[in-house]
Amino acid sequence: MESEFERLRKKVENYPSASAYNRLAELARLNQDDAEAERICQRCAKEFPRNGQAYVILAEIALAAGRKDDGLKHLHNAVERDTRSYAGHRLLADAYAADGNTGKALHHLRQILVFKPNDPTAVQKMEALSRAAGGAAAAPAMASSMRRSTPPPLGTATLTPGALATIPAKAAASPSTRTAAFTALCAEPGVRGAVVADNQGRVVVTHGLDGKADLLAALAAEITGAATATAKQLGQEQLASWLIEGERGQVLAFKRDQVLTLAVLADTGVRAALLELRARQALIDLGGT
Amino acid sequence: MQEILEKLNRVRGVGGSLVLSPDGLPMVTALRQGSDEAGIAASLGNLLEQATRLCESLGIGKAKAAQVLAAQGGLVVLPAGPAYLAILMDPSANLALLQLEARPFADRLAQRLSL
């Protein structure tokens, strides 16, 4: 064990990577050196801020030591940085379920179903939670409705014909990997649907807009053009985002490079900062720079 | 109204402000020297027109506000009665705070414009 630990430590020094850090921290935990594991995770979090697993390990250490508040804080950090952190969502669901906060527990289990549809553990836990909440008769129906209401499985967010040509070649991941963050964005509370459009207003990928995707894509491209022109008038290059607020909803759009705009149709009062985080992740996954 | 805009310009993060009609004509401006007031107002008018079209098409009511954020700042547009108040933001601006602080100015302008 010790030699493996030293080998990994050298690897981390010479060729640092998030996975090597995670493995090193796990080995430190196996060696019962939680302090060292924490140091490794904190360093990893600094060097690889989007690595949610480091926060999961920190949370496990904190929870094992009885520091529940710290544990929850780390878990929230984990799922914020990596929306597909299975362990992060599962541990949060367990923690909230133990506290009797069924709503939040179900929320995190639903997040698991977004990127891992029909995950048996998550489904079972959802059924158990709903039974415990007094809905024994409704439990199976609830779980199945959760499965139905979960956004389509990874990759089934509609990637339109020709969209692959729009996406830069470096985004060589499978369609499911490309659209997972986008699907997670659409699962956020208050989000009615979203579309990624190219500069010509053509739909690249869409979710939940029920026939309005083409319209939103076209208008989003128009507004991106108008917003870019306005920003230039003000001497500002590199448009990053725009938001139009209506009386009964709002459209938020995020531009990552010169090609793609991600437009989100959402309720008023939705947390724009959180949506931006999710949208940026989705744009990166779709091949934005 | 000029006085209101000048006071607004003293809020941290505000780099200038103007009141414009919905069709993009400047009504009152307090922008930095050398700014192309007519050009900025026209661009904003175009943006507002597109925003109105977007809201109508998507069935989310009348356009209430808009934001454009760029790498070096951005702008916020708020309704001010029959007109719009556009606030130019410096890169140092705190968007949330600025919106909170700007709202009373927009209300005061709306009062003046409806007199």
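At what angle do α2(A) and helix α3 (residues 34–47) of chain A pack, and how many Å apart are their axes? In this predicted model, the angle is about 170 degrees and the axes are 7 Å apart. Angles over 145 degrees count as roughly antiparallel, and α2(A) and α3(A) are therefore roughly antiparallel to each other. Their crossing is left-handed.

**Helix packing within chain A**

The contact between α2(A) and α3(A) draws on both helices. From α2(A) come A:Ala18, A:Tyr21, A:Asn22, A:Leu24, A:Ala25, A:Ala28 and A:Arg29. They meet A:Asp34, A:Glu36, A:Ala37, A:Ile40, A:Cys41, A:Arg43, A:Cys44 and A:Glu47 of α3(A). By class, this contact has nine nonpolar, one polar and five charged residues.

Helix α2 (residues 18–30) of chain A also packs with helix α4 (residues 52–64) of chain A. Here the angle is about 15 degrees, and the axes lie 9 Å apart. Angles under 35 degrees count as roughly parallel, so α2(A) is roughly parallel to α4(A). This crossing, too, is left-handed. On the α2(A) side, A:Asn22, A:Ala25, A:Glu26 and A:Arg29 make the contact. On the α4(A) side, the residues are A:Gln53, A:Ala54, A:Ile57, A:Glu60, A:Ile61 and A:Ala64. Five residues of this contact are nonpolar, two are polar and three are charged.

**Between the chains**

Helix α12 (residues 213–233) of chain A and helix α2 (residues 37–58) of chain B have axes that come within 9 Å. These axes cross at roughly 165 degrees, so α12(A) and α2(B) are roughly antiparallel. α12(A) passes α2(B) in a left-handed crossing.

Residues of α12(A) in this contact include A:Leu215, A:Leu216, A:Leu219, A:Ile223 and A:Thr230. Those of α2(B) include B:Ile40, B:Leu44, B:Leu47, B:Arg53, B:Leu54 and B:Leu58. The contact divides into 13 nonpolar, seven polar and two charged residues.

| Helix pair | Angle | Axis distance |
|---|---|---|
| α2(A) and α3(A) | about 170 degrees | 7 Å |
| α2(A) and α4(A) | about 15 degrees | 9 Å |
| α12(A) and α2(B) | roughly 165 degrees | within 9 Å |

Now the interface as a whole. In total, 33 residues of chain B are in contact with 31 residues of chain A. The two chains bury about 2,700 Å² between them, 65% of it on carbon and sulfur atoms. In chain B, the residues that lose the most area to chain A are B:Leu54, B:Leu58 and B:Ile60. Together they account for 23% of what that side buries.

**Salt bridges**

Side chains of opposite charge can pair when their charged atoms come close. How many salt bridges does the structure hold over all chains? There are 18. One salt bridge is found across the interface of chain B and chain A. A:Glu245 forms a salt bridge with B:Lys64, with the closest N and O atoms 3.5 Å apart.

Within chain A, the side chains of A:Asp267 and A:Arg192 meet in a salt bridge at 2.7 Å, N to O. This pair links distant parts of the chain, 75 residues apart. A:Asp267 sits in the loop between β6 (261–266) and α13 (272–285) of chain A. A:Arg192 belongs to strand β2 (residues 191–197) of chain A.

Terms used:
Residues numbered from 1 in each chain as written. Chains lettered and ligands numbered in written order. Predicted model: local features only at pLDDT ≥ 70, side-chain atom pairs only at ≥ 80, totals over all residues. Heavy atoms only, no water. Axes fitted to C-alpha atoms, helices over the stretch in contact; angles between N-to-C directions. Helix = DSSP H or I, 4+ residues; strand = E, 2+ residues; numbered from the N terminus. Parallel < 35°, antiparallel > 145°, perpendicular 65-115°, else oblique. Left-handed = near helix turned anticlockwise from the far one by under 90°. Contact = heavy atoms within 4.5 Å. Nonpolar A, V, L, I, M, F, W, Y, C, P; charged D, E, K, R; others polar. Buried area = accessible area lost by both parts, 1.4 Å probe. Salt bridge = Lys/Arg side-chain N within 4 Å of Asp/Glu carboxyl O.
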